[in-house]
Amino acid sequence: MKPLLEVRDLAKTYIQRSGLLKRKKIEALKPTSFNVEAGKTLAIMGANGSGKSTLAGLISGAIQPTRGEIILNGQRLQADNYRQRAQHIRMVFQDAEASLNPHLTIGDQLEEPLKFNTGLNHNQRRERVIHTLQQVGLLAEHMVFYPHMMSTGQKQRVSIARAIILNPQLLVADEALATLDSSVRAQIINLLLDLQSDLKMSYVFISQSPEIVRHLADDVIIMQDGEILEHGHVDDIFNAPEHRYTQSLLLSELNLS
Amino acid sequence: MLLDIRNLTIAKDTPTGRVNVLERVNLQINEGEIHTLVGESGSGKSLIARAIMGFLSDSWHIQADRLWFEEHDLLNLTAKQRRAIIGVDIAMIFQDAKSYLDPNLTISEQLQEAVLDQDLTGGFLARRKQRKERVVQLLHRVGIKEHSNMLESYPHELSEGAAQKIMIASAIAHRPKLLIADEPTSTMEPATRQQIYRLLAQFHARYGMSILLISQDLGAIMKETERLTMIYSGQVMESGNTRELLDQPHHPYTEALLNTSLYRQAQRPPRSRLPTLAGTEPSMQHLPIGCRLGPRCAYARPKCVQTPGFSKKRDRGFACHYPLNLEDDA
């Protein structure tokens, strides 16, 4: 089967100036290649500064790559063509509070991607917004709410609604569960699982928690210092981690039981 | 008993009337005990810490039958008495360590401020020298060996874990009897979190320091914790010995949190739906009558609109009309 997303030799180098002429190269992501199959979940794990958020930014188009290419459905993604990318690859962020615009109602925020990317008229857009709100377990009445009127869990649901409203093929979630309370986190995990089986989306899931990765992911990539250390099926890597770094990452889960 | 809180109620005036943000909270901490307070965001757990430290402004109305630290009544302290206790016998560390350090001072300067002058002897120069020695000692104590580098750094140059260690260093400068740790690790990656917990456990073992750890997640608590208190929406739901409480929760809320907690998910088949509490935490304007868990509780019955009293069985306490796992006493 042809993979949904192919990443080939993708790399990102930042140049840091220190002083008048001194320049330091920082390799945030060394040349990286991997595939994501349709309908599957790829998890990316690693410590802070290992390049996993850079990778998420590159895939979603928020960061321009230094080298390499991303191929979606056999089609090469241009680095600056946001219209092409925005319909197929959407992103959910860690901080739901900060990723919603406090000045707009939920309905207006969800309508925006539709305005820019589809030819729907006002009524069709409203219908689509209501439908999407119901998909993520909210009500049509939430359209007139402002973000401050909702709880954190509801805001994260709105962020997910905004991500799925264009029927994307790939959802990139950058630590989307990290700051949520445990009961809300379980609700959002259930929601993500339901949406994946309904809409046949692929997820790229960035997380530091081995438990969430084991529960949600099919494949996992372990990153360290901008490089892929291990890549394989979740069960293989969790049951027999090769590198010491992976072991320490997986063993950091508490053994209370 | 080191800290004794009985029926602590904290209220705030809102446009719709006075709301009990915290309702009749009981919390006791013995000498040399690690006590963890678990609750979701907005449940009022930080409010308890703030009430102990006296950080709350006048717009909060605090009432309590007892709010005692050793033999001091924390509600009626003069400013002088407070200075002798807060920051000396009771110290506190916070979630976002970097933003609590002064960005304009080097680590050496900040830690020198934490050293009390009365501990030093001699003239001006001798005292200055001693102060610097004490700072190096403190850094070593929190496991920072390369102190010369660290002393001249500014907070923005530190990693999150290192910043938290600096905060712990300044908190333990006076060997506090009680350290309040308000979600010290919730934004950290698991490996750093373990490092910080090991450090805290070490001070607990070496100096017999009591720790009140405040945590959002049952899956991310110190494994040395002896007692747990579960708090939901300003009411204490259950408290007791950690192991007993996790093995046999009496309160539906504890059970629900355990089910959603991540460390138990390893036993579930992958990609299965997780059992969880339905709905969201009530807002302060629309608190349910009686047990505040009521509308979300799977076991709720009509009687739950009356606030359940806090019952005690051996050293376990719980506030529920229909407790779970109690068959042995029937």
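Here are some questions and answers about a predicted model with chains A and B.

Q: How many helices and strands does the secondary structure of chain B come to?
A: Let's start with the overall build of chain B, whose C-alpha atoms fill a box of roughly 70 × 50 × 40 Å along the principal axes. Within its 330 residues, 41% count as buried. Its secondary structure comes to 10 helices and 13 strands.

Q: What is the radius of gyration of chain B, and what does the globule rule give for 330 residues?
A: Among contacts in chain B between residues at least 6 apart in sequence, 64% join residues at least 24 apart. Chain B is as compact as a globular protein of that length, because the two values asked for are close. They are 21 Å for the radius of gyration and 20 Å from the globule rule.

Q: Which element gives the most residues to the side of chain A that touches chain B?
A: In the contact between the chains, 27 residues of chain A meet 30 residues of chain B. On the chain A side, the elements that give two or more residues are H6, helix H7 (182-199) and helix H8 (210-216). With 7 residues, the element that gives the most is H7(A).

Q: In E7(A), which residue is the bridge partner of Val92(A)?
A: Strand E6 (residues 89-92) of chain A pairs with E7(A) in the parallel sense, over 4 bridges. For Val92(A), the bridge partner in E7(A) is Ala173(A).

Q: What is the handedness of the β-α-β crossover from E7(A) to E8(A)?
A: E7(A) and strand E8 (residues 202-206) of chain A run parallel and are joined by 5 bridges. One of the residue pairs is Asp174(A) with its bridge partner in E8(A), Ile206(A). The chain crosses from E7(A) through H7(A) to E8(A), and this crossover is right-handed.

Q: Which helices do the buried residues of H4(A) pack against?
A: Helix H4(A) covers residues 106-117, and its buried residues are Ile106(A), Gln109(A), Leu110(A) and Glu111(A). The helices that these buried residues pack against are H5 (122-135) and H6 (152-164) of chain A.

Q: Within what arc do the buried residues of H4(B) fall?
A: In helix H4 (residues 107-114) of chain B, the buried residues are Ile107(B), Leu111(B) and Ala114(B). They line one face of the helix, because seen down the axis of H4(B) they fall within an arc of 45°.

Q: Which helices of chain B do the buried residues of H4(B) pack against?
A: The buried residues in question are Ile107(B), Leu111(B) and Ala114(B). Their packing partners are helix H5 (124-141), helix H6 (147-151) and helix H7 (160-171) of chain B.

Q: Which residue with a positive phi follows H1(B)?
A: Helix H1 of chain B runs over residues 45-53, with Lys45(B), Leu47(B), Ile48(B), Ala51(B) and Ile52(B) buried. These cover an arc of only 155° around the axis, so they sit on the same side of H1(B). The helix is followed by a residue whose phi is near 75°, Gly54(B).

Conventions:
Residues are numbered from 1 along each chain as its sequence is written. Chains are lettered from A and ligands numbered from 1 in the order in which they are written. This is a predicted model: local features need pLDDT of at least 70, side-chain atom pairs count only at pLDDT 80 or more; totals for chains, interfaces and linings use all residues. A residue is buried if 20 or more other C-beta atoms lie within 10 Å of its own, exposed if 12 or fewer, and partly exposed in between; C-beta atoms are placed from the backbone. Two residues are in contact if their C-beta atoms, placed from the backbone, lie within 7 Å. The radius of gyration is taken over C-alpha atoms; the globule rule is 2.2 Å times the number of residues to the power 0.38. The arc is that of the directions from the helix axis to the C-beta atoms. Two strands pair if DSSP finds at least two bridges between them. A crossover is right-handed if, with the strands pointing away from the viewer, the path from the first strand over the helix to the second runs clockwise.
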